[in-house]
Amino acid sequence: MKTLHVHAGVFVVASLFAAAAQAAPVAIVNGTVHTVSAGTISNGTVVFDNGVISAVGVGLAAPAGASVIDAKGANVTPGLMNSYTRLGILEIELEKSTNDTEADSPLFSAAFDLAPGINPASALIPITRVKGITRAITAPDLGKTMFAGQGALMSLGEGAAFSIQPKIAMFMNIGERAKRLTGGARGAVWMVLRQAFADARYFERHKSDFDEGNARETVLPRLDLEALLPVLNGKMPLVVDVDRASDIQAVIALAAEYKLKVILLDAAEGWKVAAEIAKAGIPVILDPTDNLPSRFESLGATLENAAKLNAAGVKIAIAVMGEHVAYNGRNAAFYAGIAAANGLPREAALAALTKNPAEMWGIADKYGTLAVGKDADVVIWDMDPLEAGAAPTHVFIKGQAQSLETRQTKLRERYRNLSAPAELGYR
Amino acid sequence: MRIHILATVSVLALAAAAPATAQFAGSAAGKRLADIITDPYPSTYTPRPSVLTAIVGATAHTGTGATIHNATVVMNAGKIVSVTEGGAAPAGAVVIDGKGKFVTPGLIDAHSHMGVGPSPSVPGVEGTNEATDPNTAEVWDEHSIWPQDPQFARALAGGVTAMEILPGSANLFGGRSVILKNVWSRSVQGMKFPGAKYGLKMACGENPIRVYGEKNRTPATRMANFAGYRAAWIKALEYQYEWDQFEAKRKKNDATAKPPKRDLELDTLAAALRGDILVQMHCYRADEMMQVIDMSKEFGYKVTQFHHAVEAYKVRDVLAKEGICASMWSDWFGFKMESLDGIEENIALMHDAGACAVVHSDSAVGIQRLNLDAAKALAAGRRMGLKISDGEAIKWNTLNPAKSLAIDDRTGSLEPGKMADVVIWSANPLSVYSHAEKVFIDGALTYDYDDPAKQYRSDFEVGYINKEDVR
């Protein structure tokens, strides 16, 4: 009885929120609708109701009682997803008190779950959302330990439309950073990694020995071995930050040997081994601006990495990395535009922010395209969404209209007119 | 050529040197100490060969804020000859069909660390910050620059023809900056912008505090930053005074004239006080900029430009009135406390206030698309209702940075007589889909998107990076 009661309560609350969020169906008419899954529709209509897309088509009439938005030809896309951010776990990069991005502890690494550190009230979430980003992966900082820990997937809506799916993937380094952490040589990295996997299997078979203090020595603590089991069992993706072509090949071999669900991150020299990545069915998250030979492991970095990987049949997702990962993940659409300016077809660039990440992160049933039955993450843009300076005029997340106000727009208004002092009180 | 350090008395000094009756003159060392060579590592840059060229039919954003449709841009002997609407190409000119394309002046980055913070980012070539003392005004960052940094060529592909290379911001006084033309050379001198003044890199705020405070050294607070600047300026005034005294004696052939003890740090600071070196100051917060302006008046120097200036919008009226440029990003913010209040409208608001708005990169990635940073700032400004033309936005990439580096009399706009630093774009450079097709430096075709033979590679890339692999 008690269980039933709780469920009923949850249901009622959820319904109330849904009702508050969207009293009537919404119909966006006369849009240039980029469905991602079924082409682009001129004079397109997108209808959603109760947070879910109910109709998409050419010139469809708005249903009776719907709240109608005339897009006047503007571009309409699914809400975008940035597959590599620090959203919610970092407010100001250099103010460590505001960061929950890494745990530098001898006690654990792989076991680190960043989700409890996520702050839904972070100012960066609306700042990101108003650039059309409705979903994001938030990932731990890489670099302090071989395994950095487990990231989370977030839906970035306001209030009840904000949600967190923790433990979405395990993040790790391979290459120069990892070798610095693990004995100074790549050979040592692979030795430790294989031993960690062996230890995790040993843990799986000998849990009681660990409980009783009879376990043999392991390279990682118990917490980490336990955390690695979903990875070894192919349930949790292992996101590997790797750049050098030969390192990528080694990761591909590792994935095959252990039957891991690997996602490559960065992969600056991915294009050199694109066919092998494609054959292994391994997706890649990349930054299209990464073209500097900034390390000896990424001498082959090129603006055409995205285009070449895509052409080879690799599923790519576009993210904002490097010096901007901490705060400017909002620029993902612009970065996709840069990939498009360097050979990636525009449709593929948009897919790299929608359909592809939806598939990579296992949420394609709910998100990633403008199709009936999907969550209504829908964005109307003031220009080509891939253009420098593009911004949404409307953002809906799970059908709920999102405010376009942010801490930054409030500051702008405060200083709009210097000769007529702004209202400085709280608002 | 030997030019005495004291510009105000340099003519007198050269005239006075001839009689050479003063005591120091009997000693070769004395003469070297007295007759300071102010340009000891002079520019050896020479324009590459060029031909009479006319770009016909393109849309020209001239850099002055104007846009000319169906423009004819004529270059000859390294200079802009004319920019007209619908003009005919002169006889004998190489004619480039510009229909559907855009032309701008070469882009200028007022804030780069290429060469001092190179790729690959390894200790063997890193040279941005001499973070061993809060005042290292004595260092010249041209001595750190690695001309074979592959980043230069990537910036060229983004249409960048000149840039100021600055020391980092670890120190209150980081040292001298230098302005380069973006050309391949065996030497730094071969890249130096002829006749450009040096800059003095100074830094406000958190960085010096973080670097030194964490070592339990001064400065550990903003108040110590100011104490550090002011103490140094006082020493520089004293130094200048000693040299002035010496020059007065020397002029009178006073046998007791003895050159003051030479100090590299004070050479630079005194030159900054005199205006012979431009003060380029890293400063994020509005309130700090206001205090720096007061300090400049306390010691009688001019701040040429605030760099980063994410809060310039809060004091845009003051910056306009003081004639101080601000070098800004379109949207960087929040990476540290002093950058928290950055807004996307910063550049547009500076422009709207009539102030000198500059788009800068501070990044070897960002420098490859300064035009798109202008596009983002423009879009943000328009969204808040500001009226700004495309041509005015390009000014943030061209004439304004040239002004902020005091090279605007020679480059930064498509005007007759100026250096023919010119970019042809495949489309409006404010579109993400555009790219620089051809880049001319002093009239010489230096980069061609469609011709790998005209895409220079640094020595470092030889054998590591094949040119067909890289864009």
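**Strands, domains and chains**

Tutor: Let's start with one pair of residues: Pro78(A) stands opposite Val378(A) in β14(A). This is a predicted model, in which local features need pLDDT of at least 70, side-chain atom pairs count only at pLDDT 80 or more, and totals for chains, interfaces and linings use all residues. Residues are numbered from 1 along each chain as its sequence is written, while chains are lettered from A and ligands numbered from 1 in the order in which they are written.

Student: Okay, how many bridges join β5(A) to β14(A)?

Tutor: Three, and the two strands run antiparallel. Strands are DSSP runs of E with at least two residues, helices are runs of H or I with at least four residues, and both are numbered from the N terminus. Two strands pair if DSSP finds at least two bridges between them.

Student: Which sense does the pairing of β1(A) and β5(A) have, parallel or antiparallel?

Tutor: Parallel: β1 (residues 26-34) and β5 (residues 75-78) of chain A pair over two bridges. Val33(A) has Val76(A) in β5(A) as its bridge partner.

Student: What about the sheet of eight strands in chain A?

Tutor: That sheet is open, with mixed pairing, and its order is β6-β7-β8-β9-β10-β11-β12-β13. β6 (80-85) and β13 (316-318) of chain A stand at the edges with a single partner strand each, so one side of each has no neighbour in the sheet. From one strand to the next, the twist averages 25 degrees. Angles like this run from 0 to 180 degrees between N-to-C directions, and the axes are lines fitted to C-alpha atoms, for helices over the stretch in contact.

Student: Which strands of that sheet does α10(A) touch?

Tutor: α10(A) packs on the sheet and touches β6, β7 (133-138) and β13 of chain A. Its direction makes about 125 degrees with that of β13(A). Contact here is when the C-beta atoms of two residues, placed from the backbone, lie within 7 Å.

Student: Switching topic: which domains is chain A divided into?

Tutor: Domain 1 (2-77 + 391-405) and domain 2 (80-367), with bounds from an automatic or database domain assignment. Their centres, taken over C-alpha atoms, are 31 Å apart. In chain A, 15 residues of domain 1 are in contact with 15 residues of domain 2. On the domain 1 side, α1 (2-21) and β15 (392-397) of chain A are the elements giving two or more residues, and β15(A) gives the most, with three.

Student: And how many residues does each chain bring to the contact between A and B?

Tutor: Chain A brings 38 residues and chain B brings 42. The largest share of chain A's side, five residues, comes from α10(A). That side has 20 nonpolar, eleven polar and seven charged residues. Ala, Val, Leu, Ile, Met, Phe, Trp, Tyr, Cys and Pro count as nonpolar, Asp, Glu, Lys and Arg as charged, and the others, Gly among them, as polar.

Student: What percentage of chain B is buried?

Tutor: Buried residues make up 56% of its 471 residues; buried means 20 or more other C-beta atoms within 10 Å of a residue's own, against 12 or fewer for exposed, with partly exposed in between, all with C-beta atoms placed from the backbone. Chain B has twelve helices and 16 strands, and its C-alpha trace spans about 70 × 50 × 45 Å along its principal axes.
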